[in-house]
Amino acid sequence: MCGIIGYIGKSEAAPILLEGLRRLEYRGYDSAGLAILNGTLSVRKCKGRIANLTDLIGREPIHGDVGISHTRWATHGGVTDENAHPHFDESGKLALVHNGVIENYQTLKEQLLSEGHHFKSQTDTEVLAHLIGKHFEALGGEASGPRLVEAVRAALKEVTGTYGIAVMHEAVPETLVGARRGSPLVLGIGKGENFLASDVSAIVGHAREAVYLRDYDVVTLGRDDFEITTLDGGVSGFKVSKVEFSEDDVNKGAFPHFMLKEIFEQPESLQNAIRGRLSVEESTAKLGGLNMTPQQLRDIERIVLTGCGTACHAAMVGEYVIETLAHVPTEVEFASEFRYRNMPMNKDTVVFAISQSGETADTLAALRESQRKGHRTLGICNNVASTIARESDGGVYMHAGPEIGVAATKSFTSQVAVLTLLGLLLGRIRHLSTSDGIRIMEEMKAIPEKVREILKQNDRIKEIAHKYAYAKAMMFLGRQFNYPVAMEGALKMKEISYLHAEGHPSAELKHGVIALISPEVPSVFIAPDDSVYDKNISNIEEVKARKGPVIAIGTEGSSKLEKVADDVIYIPRCPDYLSPLLTVIPLQLFAYHLAVKLGCDVDKPRNLAKSVTVE
Ligand code: F6R
């Protein structure tokens with residue numbers, strides 16, 4: 001979703017802002033713009049890619065060392081140049097960029113119209129710019145940083161909804177103001193320069209330290225200093241953190257796309273998810289961040305896992321794994337449903353909110369709803385500074401490193417790995433023996449190397465993907481632990497290649513799906529050598545009998561597949577409950593290569609945003 005970057009310092013702002021916007025591209029956007037202060041405010045904005053904005057600035061250069069910029073993902077008002085941010089107040093001297101949604105903007109707009117304000121766009125953001133400008137005028141006196149901050153506070157108190165904002169005013173050239181409620185905003189601290197960004201990746205390489213702002217924080221930035229207060233003007237307790245990522249982490253390196261880079265990072269990201277979390281002495285997992293005593297863990301009667309999209313698919317794998325290893329009843333619910341559903345849950349139910357970004361609006365709302373009902377609610381997040389990480393009662397970090405490709409890849413395997421650790425931990429304090437624990441741990445430790453083995457087949461998977469690029473639609477089918485992997489394989493395919501793809505349990509074929517099978521509709525079967533292997537083989541035969549091409553993901557040495565499927569991609573042998581960590585890898589590569597073959601922009605698929613911070 002929308003991205004913000006603001007700069008105040010001694011360098012030319014435009015190149016820094018454009019570079020930051022490029023790094024935020026992955027969040028998803030449809031237009032971009034920036035405003036720079038150099039005596040007066042100048043703005044450049046347009047719909048389309050950041051490349052369009054860069055061209056515009058090339059034709060009409062813009063200079064100055066203070067500026068704000070934005071990538072917009074339309075919510076209120078269509079995708080037009082006028083609706084792109086920054087927006088201005090009535091005087092034209094105050095500029096604002098905004099992420100989030102001002103829910104009462106209609107009422108505020110009517111009031112402002114009745115007071116003689118004129119609007120150029122259909123956005124809720126422009127209303128906020130006018131409101132701040134109105135307060136700035138009304139406060140009167142000398143134009144100063146404190147007056148601008150006061151105006152921001154006064155306006156935000158009238159607003160309902162969510163915001164992460166950056167504001168500047170022609171009359172106050174030494175100050176940028178930022179504020180947040182519900183939309184992430186980071187203060188980046190440099191030498192003689194400071195930054196505002198909705199995501200730390202935008203300022204990596206410039207700022208060594210950062211403050212992850214909290215809801216209702218208001219920050220004032222000068223070149224050499226900053227001040228963080230609350231919306232009421234009180235003191236805000238804040239923590240300065242080191243910016244942990246390097247520029248390598250946020251660049252593609254030798255890979256053509258972030259998605260491919262992140263697929264190839266999975267041996268390391270999986271290693272990081274389990275590193276230090278396996279106790280040889282106790283032959284179990286150690287998850288100290290859960291903040292729960294062994295007795296509290298033993299008392300858990302039921303687990304609810306919630307998340308959106310890929311995180312929900314990881315949760316579905318988690319349901320199978322936790323029930324298998326720990327025998328704790330586990331349920332999965334889309335966060336968007338959970339938040340409005342009144343699920344009966346007894347007091348010993350624990351809820352896990354799973355989110356790579358830690359900012360997904362529905363997952364955050366589900367977490368808050370669960371806490372409201374008094375349930376212990378834990379997070380499984382990648383972004384350690386995120387709202388979900390902060391608001392949950394404890395949790396487990398994924399340690400996957402930045403995931404920039406819009407299609408989630410390494411976050412899926414890290415989420416599954418963390419849920420498997422949870423299954424092991426809960427199993428060991430229930431019925432699993434020491435030797436069971438040791439065996440599971442050894443199998444988990446072997447997974448990163450097995451992923452590496454699968455990645456070596458990249459060229460072959462590419463050939464197979466190209467062979468099926470003619471497809472009109474595609475079915476993804478799997479059973480048990482690999483039913484969620486079928487869902488995930490289909491999601492990867494549709495989101496980056498725009499090919500119609502469906503994921504189903506293999507046995508559901510006969511209950512309707514089989515009507516879609518034809519030579520133009522290949523099926524991808526996830527059929528490792530597990531307890532339902534033969535059942536999957538029968539389902540493959542059913543598809544073949546209807547002239548449907550079949551690509552199968554199987555286990556090395558399981559020769560039956562060769563006889564029934566058109567193409568087979570092999571994974572190394574592993575226990576059933578770990579197989580999703582391996583079977584998903586060929587599906588990610590398959591979707592990637594097919595989408596590239598079709599000429600799709602895999603890192604920035606149409607209509608999608610990396611972090612969905614609005615409902
Ligand atoms: C799919 C994808 C999305 C996300 C979903 C949740 O490839 O990326 O489905 O998984 O938007 O995002 P997080 O995990 O950040 O809450």
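1. The largest pocket is lined by 41 residues, and Y212, N383, V384, A385 and S386 lie nearest its centre. Its volume is about 940 Å³. Two elements give two or more residues to this lining: β14 (241-242) and α13 (387-391). The lining of the largest pocket splits into 17 nonpolar, 12 polar and 12 charged residues. Ala, Val, Leu, Ile, Met, Phe, Trp, Tyr, Cys and Pro count as nonpolar, Asp, Glu, Lys and Arg as charged, and the others, Gly among them, as polar.

2. Some ground rules. This is a predicted model, where local features need pLDDT of at least 70, side-chain atom pairs count only at pLDDT 80 or more, and totals for chains, interfaces and linings use all residues. Residues are numbered from 1 along each chain as its sequence is written, and side-chain values use heavy atoms, with hydrogens and water left out.

3. On voids: the search runs on a 1 Å grid over the protein atoms alone. A cavity is a set of points where a 1.4 Å probe fits but cannot get out; a pocket is an open set with protein on both sides within 12 Å along at least five of seven lines; lining residues have an atom within 4 Å of a point. Points are joined across faces, edges and corners, and a volume is the space filled by probe spheres set on them.

4. Three cavities of 30 Å³ or more are present. The largest cavity holds about 120 Å³ of space. Its lining has 17 residues, with C2, W73, T75, H98 and G100 nearest the centre. β6 (94-99) and α4 are the elements that give two or more residues to that lining. By class, the lining of the largest cavity has six nonpolar, nine polar and two charged residues.

5. The second largest cavity has a volume of about 40 Å³. Residues lining this cavity include P528, D529, T555, I571, R573 and S579. The classes here are five nonpolar, two polar and four charged.

6. Now helix packing. Helices (H or I, at least four residues) and strands (E, at least two) are DSSP runs, numbered from the N terminus. Axes are lines fitted to C-alpha atoms, for helices over the stretch in contact, and angles run from 0 to 180 degrees between N-to-C directions. Helix α4 (residues 124-139) packs on helix α5 (residues 145-157) at about 125°, with axes 8 Å apart. That makes α4 oblique to α5; under 35 degrees counts as roughly parallel, over 145 as roughly antiparallel, 65 to 115 as roughly perpendicular and the rest as oblique.

7. In the α4 contact (heavy atoms within 4.5 Å), residues including L128, L131, I132 and F136 of α4 meet α5 residues, among them L148, A151, V152 and A155. The residues of this α4 and α5 contact divide into 11 nonpolar, one polar and three charged.

8. Helix α14 (residues 410-428) packs against helix α15 (residues 434-455) at about 170°, axes 10 Å apart. α14 is therefore roughly antiparallel to α15. A417, T420, L421, L424 and R428 in α14 meet T434, G437, I440, M441 and M444 in α15. That contact has six nonpolar, three polar and one charged residues.

9. α14 also packs with helix α20 (residues 579-597), at about 170° and with axes 9 Å apart. This makes α14 roughly antiparallel to α20. F412, T413, V416 and A417 in α14 meet P580, L581, V584 and I585 in α20. By class, the α14 and α20 contact has seven nonpolar, one polar and no charged residues.
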